[in-house]
Amino acid sequence: MEAIKQTRIKRTGKELILVLPDDFTADEVDILIWPSNEGIEISEKKISDDLLQWPEMSDEELATITEKRKHLNAWK
């Protein structure tokens, strides 16, 4: 499957202009369009900082989850 990701494509009136690379050979494409979040940037540093604020799982909680997973897998 060929895939291209382009961000912040400008529009002119009701037209969008996509420039495809020479090696893109698909005759038909599917397009999903949503507005860019201009001015909103999520950095990896911000995500890491947020994750560090989450509560830690205790060994007892992990053991409970592991046991439940084992029983669920045996039930399947």
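I first looked up the nonpolar surface and found that Ile4, Ile9, Leu16, Leu18, Leu20, Val29, Ile31 and Ile33 form a patch with about 710 Å² of accessible area together. Patches are made of residues with over 30% relative accessible area and no salt bridge, joining like charges within 9 Å and nonpolar side chains (Val, Leu, Ile, Met, Phe, Trp, Tyr) within 5 Å. A salt bridge here is a side-chain nitrogen of Lys or Arg within 4 Å of a carboxyl oxygen of Asp or Glu, and accessible areas come from the Shrake-Rupley method with a 1.4 Å probe, only the protein chains shown counting as cover for residues.

I noted that this is a predicted model, in which local features need pLDDT of at least 70 and side-chain atom pairs count only at pLDDT 80 or more, while totals for chains, interfaces and linings use all residues. Residues are numbered from 1 along each chain as its sequence is written, and side-chain values use heavy atoms, with hydrogens and water left out.

Next I placed Leu18 in the loop between strand 2 (15-16) and helix 1 (44-52), helices (H or I, at least four residues) and strands (E, at least two) being DSSP runs numbered from the N terminus. Leu18 counts as partly exposed because its relative accessibility is 41%, where buried means under 20%, exposed over 50% and partly exposed in between (1.4 Å probe, protein chains only).

Asp23 lies in the loop between strand 2 and helix 1, and at 59% relative accessibility Asp23 counts as exposed.

Finally I checked confidence: pLDDT, the predictor's confidence in each residue from 0 to 100, averages 83 over the protein chain, with helix 1 lowest by mean among its elements (75).
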